[in-house]
Every structure is written in C-alpha cells, then in structure tokens.
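Good morning, and thank you for making time for this item. Please look at the sequence and the structure before I turn to the details.

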Amino acid sequence: MRRLAREPLVHFVLLGVLLFAVYDVVNEDDALDPQSRVIEVDRETLINFLQYRSAAFEPGYFEAQYDALSEEQRAELARSYVREEAMAREAMALGLEENDYVIRRRLVQKIEYLVADTDIEPEPPTEDDLRAYFEEHRADFSLPAEYTFTHVFADAEIDRAGGPQAHARALLARLRADGANFNDAPSYGDRFPYQLNYVRQNLRPIADVFGPEFAAALDAMTPDETWQGPVMSRFGAHLVLLTDREQAREPSFEEVRAQVASAVLEDRRTNTREVLLDELVDQYDVRYAEGIPEP
C-alpha cells in the first residue's frame, strides 16, 4: 500500500479527483452552458491547429500538408486537437488561467498585435512637417564616424613563445619591411574567424566583432599608410592599417529626407496605437486607492 502511494500515476489520478471536486464546489449553483461541451472538428480547424502547433502561419503550406495526410494521420491529428481543446476548456472552467502571469502576458500581447495590425495609414507628412521634425530631432539623424581599415591577426589560441603580442611584433616588422599594403593582409598572420577588410564601418559593429577595447584603440589611431599595433581583442593581437576615418557629422536635411519621412510615419502610427489603447482603457471604471497617483 505504501509503495502504491508513492506511484506518480496515483498522484496524478488523485490530483484529477481533487480538481473535479473543486470544480463541483465552485460551480454548484452555476449550470454549464451545453454548447460549451460541443467541440466541432472540421478541415479549417485542423489546419489552424497545425499552424499553431508549428508556430508558423502559412495557410497555403499547411493546407497542402493537411491534404497530403492519410486518413489515419488525419484521425490522429483530430484526436490530438480534441484532447487539447478539451483540456483547455476544462482549465478555463476551473479558473486555472487566473493569476497566471505568463497567460496574462500572452493575452496582452495578442491585443497589442491586434492594435499594431490595425489598418490605419497615417496622413502623409508635408514638406514643412518633415523639415520641422528634422530640426526637432537632429541628433537622431547624426552620422557616426566611419573607419576603413584592414588587419593582420595573431591568434591567442596558438601556443607561441612570448604569446600573441610577441608574434604580432615580429609580423609588424615583416609588414613594414615588405611595404605591405591594404590588399596584402591575407598573406600574413593567422586565420581570423571574421573578415579582414572593413570599409566605412562605424564603431558599433566593430566593437561587436572585436570587443570594446579594440574599438577604443582604433578610435584613438590616426589614419596612416603605416601598420600600427599590436592591438588586443578577445581573439588575440592585431596589426592595423587604418587608411581613412570619416568624422561624425550632422547631415543636411536632403541627405536623410527618406529616413525622416519613415520616422514621421512611424511616430504617427505609434500615436494612433496609443490613442486606441487609451480608448480601450476608457471603457473601464478605474478606481485608484488613496495614495496611488492617477496617471
């Protein structure tokens, strides 16, 4: 008997009995709607079930996939759908979704998606609107500094006397003695996991590849036809040939007019979504307790 009490299946059955007991108590005076016990299964329902189960929403693809199923496979699909639908309805009838923040967030996200997909195209901005927006948000359209460089790599994973920096210094002497130029970099050093040449690249993607210390060292360099370094990264040591740097600057309106137009339209879409959500909230009687400031 004690061994039986320890069996997981027994625990599962007892939990089920308990859930139904709670359900009977909670719904003692609340008759169930007979329609809630009806589960309709048709082709469209099963195709939707396939899509949700795969987390991919491509109706044409899943219609073809459904049509390709055998009778036995369709029966198994229907069985899976009915079981899931029955469990979902029982869970909701028992109120199991209450106080579940994961479910709450999913429901909120669905409303957000519905609002975001609202087919309300904002009014096209006039030229004056665009120029006014540009003047107000100039900093948002500033162009960062851009760097053009190549590098030769000494891999820290390779065991060498003196480490990667000593090897890099030896490579530096060779590069300068050979008069190596921008296109010669692949002939020297170790294999680098990413690209060697970077043309008019700003510091953010450079830091993503090499790390912030390398990016800071590059920013401190003066463009020159001479190889510089070694500069350390998370991979090892690098010798750098920095040939050009375009300083950060604020562009003219004409240079970024298309970006300004996109930003204005997105702002207007965002404002429309905010209005729709505010209208949704206005349908509720919101009461704030003492000490809670009203937004």
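I shall discuss a helix pair, a strand, the salt bridges and the backbone, in that order.

This is a predicted model, in which local features need pLDDT of at least 70, side-chain atom pairs count only at pLDDT 80 or more, and totals for chains, interfaces and linings use all residues. Residues are numbered from 1 along each chain as its sequence is written, and side-chain values use heavy atoms, with hydrogens and water left out.

Let me begin with the helix pair. Helices (H or I, at least four residues) and strands (E, at least two) are DSSP runs, numbered from the N terminus. Helix α6, residues 101-116, and helix α11, residues 257-282, have axes that come within 10 Å and cross at roughly 130°. These axes are lines fitted to C-alpha atoms, for helices over the stretch in contact, with angles running from 0 to 180 degrees between N-to-C directions. That angle makes α6 oblique to α11; angles under 35 degrees count as roughly parallel, over 145 as roughly antiparallel, 65 to 115 as roughly perpendicular, and the rest as oblique. On the α6 side the contact (heavy atoms within 4.5 Å) is made by I111, V115 and A116, and on the α11 side by R273, L276, L277 and L280.

R273 also takes part in a salt bridge, its side chain meeting that of E266 at 3.1 Å, N to O. By definition, a salt bridge is a side-chain nitrogen of Lys or Arg within 4 Å of a carboxyl oxygen of Asp or Glu. R273 is partly exposed, with a relative accessible area of 23%, and E266 is also partly exposed, at 35%. Here, buried means under 20% relative accessible area, exposed over 50%, and partly exposed in between, with a 1.4 Å probe and protein chains only.

How many salt bridges are there by this rule? The count comes to 17. One of them joins the side chains of E250 and R138, at 3.6 Å from N to O. E250 lies in the loop between β4 (236-246) and α11, and R138 in the loop between α7 (127-136) and β1 (146-155), so the pair ties together parts that are 112 residues apart in sequence.

Leaving aside neighbours within four places in sequence, V199 is in contact with Y147 and T148. The C-alpha atoms of V199 and F149 are separated by 6.5 Å, although these residues are 50 apart along the chain.

Which residue forms a salt bridge with R200? The partner is E146, with the closest N and O atoms 3.0 Å apart. The pair links strand β2 to strand β1 across 54 residues. R200 counts as exposed at 53% relative accessibility, whereas E146 is partly exposed at 22%.

Finally, the backbone. Most residues other than glycine have a negative phi, and most peptide bonds are trans. R200, however, has a positive phi, near 50°. N99 likewise has a positive phi, of about 60°, and lies in the loop between α5 (71-93) and α6. At 84% relative accessibility, N99 counts as exposed. A cis peptide bond joins G229 and P230, with omega about 5°, and P230 is found in strand β3, residues 228-232.
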